[in-house]
Amino acid sequence: MAHYDVVIIGGGIIGLSVSYYLLLKKKKVLILEKGELGSGASSSCDDAIFLQSKKPGILLDMTLESVQMYKSLSKELKTDLEFENRGGMVLIEDDIQLKAMEEFVKIQNSHGLPVEMLDRKDVLKKQPFVRKDIKASTYCSKDSQVNPLKVMRGFLKKGTALGLELKTHVEITEIVQRENYWEIVLKDGIRIKTEYVVNAAGAWASDIGRLIDIDIPIRPKRGQIIVTQQVPSLGETNAWSADYIAAKMNPQIVQRKPKRYRELGIGLALSQASSGNYLIGSTREYVGFDKSTTYEALTMIMHEALRLFPILKNVHMIRSFAGLRPASEDGKAIVGEVDGKKGFYIAAGHEGDGIALAPITGKVMASMICGEKVIYPMEELNLNRFQNQKKNGG
């Protein structure tokens, strides 16, 4: 029976990051992937590292460190990750949005995130093609972006050089806890022995959990995105509508939107890749594991894009795609060891923050497995928080 220190289930950006930081600590690592590497949400998302969408607390703190890590990762992985620190703006259209965003920015500032409010004159300086009656916007110079495909390629290339082993297109049928190790059984009968298991299966993490009789409250949330032809930059920064933030953080702001917009979680996210193509999103939909795009949603996304950036009527849309973000019940990732299942860890449920949090998740997970001190209060991200919430009537 093959024997590894750590077996990681899931070969997306989180699994590859965890593998890289474990390999740096001299662990023998195997990744098991049911499809192609990166074939889940990691290859069907935009490129944003959007700090302004993070609630102050552990996720914002971890994202700030992740951004710092990204700044040196291109050199470390010897791969150009196309990391850029372009900044970001949340566009505000009326007094209700303004009041909500001013309160949110105040909280972000108090936790050390440098976000400022811009009036219409300053908005138009940075976004000359936005609708002229825009009311205001936020601006954060730290909002960044990175090419997730290049990040995965970098982790894979460096990881392979460090001894990473891979098995793709495999199906796990059993995971059995033995006295001092875990045994994983594949559909073809192959048995694998390992001291630690990391469930990094993204939207499929709950399926893996069922194999060891634990409930992992992660569901797939579909996000649809449109890609434009290559064009010159429309503005200095990437931009999001206040509705995009509201769909994630404060649904009350979008109560005035048509019911179908709210059901699909429509909110504008506009970012330009280093190639010159714009990525225009997105939706937040619970439709099971359906990865298809829909004419209805794409039409609504484009309606929002044209409403805020009328110049896009002159730009060709060349393709669209959808991805399944792994969404937990409370919107936070699940990172840590499972109580009562010694050696079984979860690193999943990042929803739309997987790209932003990949480096720090890999670093933290490697430290936890190696018994090293982690500076973050990881109990906030542990699976048992859901059980505690139920006990407390939450």
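Predicted model: local features only at pLDDT ≥ 70, side-chain atom pairs only at ≥ 80, totals over all residues.
View A. Helix α10 covers residues 354-369 and is bent by about 35° at Ile 360. Of the 16 residues of α10, 14 are buried, so the helix is largely enclosed by the rest of the structure. Just after α10, Gly 371 adopts a positive phi of about 75°.

View B. Glu 183 belongs to strand β10, which spans residues 182-186. Glu 183 counts as buried because its relative accessibility is 5%, where the cut-off for buried is under 20%. Its side chain forms polar contacts with two arginine side chains: that of Arg 178 at 3.1 Å and that of Arg 191 at 2.5 Å. Leaving aside residues up to four places away in sequence, Glu 183 touches Arg 178 and Arg 191 together with Met 1, Glu 174, Ile 175, Val 176 and Ile 192.

**View C. The packing of helix α1 against helix α5.** The axes of α1 (residues 13-24) and α5 (residues 148-161) come within 9 Å and cross at roughly 35°. This crossing of α1 and α5 is left-handed. From α1, the residues in contact are Ile 13, Leu 16, Ser 17, Tyr 20, Tyr 21 and Leu 23; from α5, they are Pro 148, Val 151, Met 152, Phe 155, Leu 156, Lys 158 and Gly 159. Classified by residue type, this contact of α1 with α5 comprises ten nonpolar, two polar and one charged residues.

Conventions: Residues numbered from 1 in each chain as written. Heavy atoms only, no water. Bend = angle between axes of the 7 residues up to and from the residue. Helix = DSSP H or I, 4+ residues; strand = E, 2+ residues; numbered from the N terminus. Buried < 20%, exposed > 50% of the residue type's maximum accessible area, 1.4 Å probe, protein only. Polar contact = N/O pair within 3.5 Å; in protein donor to acceptor, adjacent residues only side chain to side chain. Contact = heavy atoms within 4.5 Å. Axes fitted to C-alpha atoms, helices over the stretch in contact; angles between N-to-C directions. Left-handed = near helix turned anticlockwise from the far one by under 90°. Nonpolar A, V, L, I, M, F, W, Y, C, P; charged D, E, K, R; others polar.
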